[in-house]
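Subject: Structure handover and notes

Hello,

Here is the structure for you to look at. My notes follow below it.

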Amino acid sequence: MSLFKKNPFGHILFLKLWLIRIAGLMTHRRFKGFNDLKIHGSEVLKNLPERNVLFVSNHQTYFADVAAMLHVFNASLSGRDDSIKNVGYLWRPKLNIYFVAAKETMKAGLLPKILAYAGSISIERTWREKGKEVNKQVKMSDVSNITKALDDGWVITFPQGTTKPWKPIRRGTAHIIKKNKPVVVPIVIDGFRRSFDKKGIRIKKRGILQSMEIKQPLEIDYENETMDQIVEKLEYAIEQHPSFLKVIPSSEIQSEEELNKEREWRY
């Protein structure tokens, strides 16, 4: 690898490589040590194309969710099935993996800025800013950057746009899918909000069973399915459709809401 080779966003790949290696070593025990991450379906990753793959997932913390996915993705591509044992997979990580994140989140401190260099596509929220509800126009440059990332590799997105469960999926994700026609791979995670604070940096509790299920790619008729149909398909795929609330005990829903309050980051 050339020392100064860059990706489409101008990031030097050699520097990104070492950032991923170091960050991976620092975070590994959060998923294989302090806590235990159970993985299902990682064999799906080995059969995906090199580019134009969109991962859609429910969201529980700002950074731990993505960190865990980067571990699982690279471990699987190096030949491990449903395991992140032995961090040797960090030596040759896949460098064209990106994740969509709110711009204000990625500017809040040194660590987020480092993580941003490692692969974030920072976008401006159109519905919330500085803790307040807003209604802003989508920036076409944000849409263009997601397209650029898909053209280069894999993109992780959290279509609910929040770490709170049972929130509606943003239609912008359906627009990206209609426009770029990517392979869409759903992921369902659990246990992260019990393990970490809202940012996914501070460990709240150890010995938590975390889980990550990687499902088969969705069958989508890009030309004929409407935005609403795609949104509904995504809601079912990441198990966040309102109908799931009908089969979940009210006590569990209340517990989730209490956990949301507990993991608020307090300065």
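A residue is called buried if its relative accessible area is under 20%, exposed if over 50%, and partly exposed in between, using a 1.4 Å probe and protein chains only. Glutamine 160, at a relative accessible area of 2%, is therefore buried.

Before the rest, some background. This is a predicted model, in which local features need pLDDT of at least 70 and side-chain atom pairs count only at pLDDT 80 or more, while totals for chains, interfaces and linings use all residues. Residues are numbered from 1 along each chain as its sequence is written, and side-chain values use heavy atoms, with hydrogens and water left out.

Overall picture

The chain has nine helices and nine strands. Helices (H or I, at least four residues) and strands (E, at least two) are DSSP runs, numbered from the N terminus. The chain has 267 residues, and 48% of them count as buried. Contact means heavy atoms within 4.5 Å. Of the contacts between residues at least 6 apart in sequence, 73% join residues at least 24 apart.

Where is glutamine 160 found? The answer is the loop between strand S7 (154–157) and helix H6 (171–180). Its C-alpha atom is 5.7 Å from that of arginine 170, ten residues apart along the chain.

Glutamate 235 lies in helix H8 and is buried, with a relative accessible area of 11%. Not counting residues up to four places away in sequence, glutamate 235 touches Pro168, Ile169, Gln240, His241 and Pro242. Glutamate 235 and valine 56 are 179 residues apart along the chain, and their C-alpha atoms are separated by 9.8 Å.

Helix packing

Two packed helices are described by the angle between their axes and the distance between the axes. Axes are lines fitted to C-alpha atoms, for helices over the stretch in contact, and angles run from 0 to 180 degrees between N-to-C directions. Angles under 35 degrees count as roughly parallel, over 145 as roughly antiparallel, 65 to 115 as roughly perpendicular and the rest as oblique.

The axes of H6 and helix H8 (residues 227–237) come within 9 Å and cross at roughly 110°, which means that H6 is roughly perpendicular to H8. On the H6 side the contact involves Arg171, Thr173, Ala174, His175, Ile177 and Lys178, and on the H8 side Met227, Asp228, Ile230, Val231 and Leu234. These residues divide into six nonpolar, two polar and three charged. For this sorting, Ala, Val, Leu, Ile, Met, Phe, Trp, Tyr, Cys and Pro count as nonpolar, Asp, Glu, Lys and Arg as charged, and the others, Gly among them, as polar.

Helix H1 (residues 13–27) and helix H4 (residues 110–119) have axes that come within 9 Å and cross at roughly 125°, so H1 is oblique to H4. Leu15, Lys16, Leu19 and Ile20 of H1 make the contact with Ile114, Tyr117, Ala118 and Gly119 of H4. By class there are six nonpolar, one polar and one charged residues in the contact of H1 with H4.

Aromatic pairs

Rings of Phe, Tyr and Trp (its six-membered ring) pair if their centres lie within 6.5 Å; planes under 30 degrees apart count as stacked, over 60 as edge-to-face and the rest as tilted. How many aromatic pairs does a search of the whole structure find? It finds nine. In one of the pairs, phenylalanine 31 and phenylalanine 196 have ring centres 6.0 Å apart and planes at 65°, so the pair is edge-to-face. Phenylalanine 31 lies in the loop between H1 and strand S1 (36–40) and phenylalanine 196 in the loop between helix H7 (192–195) and strand S9 (209–214), so the pair ties together parts that are 165 residues apart in sequence. Phenylalanine 31 is buried at 1% relative accessibility, and phenylalanine 196 is buried at 0%. Ring pairs link Phe31, Phe192 and Phe196 into a cluster.

Positive phi

Most residues other than glycine have a negative phi. Lysine 181 is not a glycine, yet has a positive phi of about 55°. Lysine 181 sits in the loop between H6 and strand S8 (183–190) and is partly exposed at 37% relative accessibility. Glutamate 239, also not a glycine, has a positive phi of about 60°.

Regards
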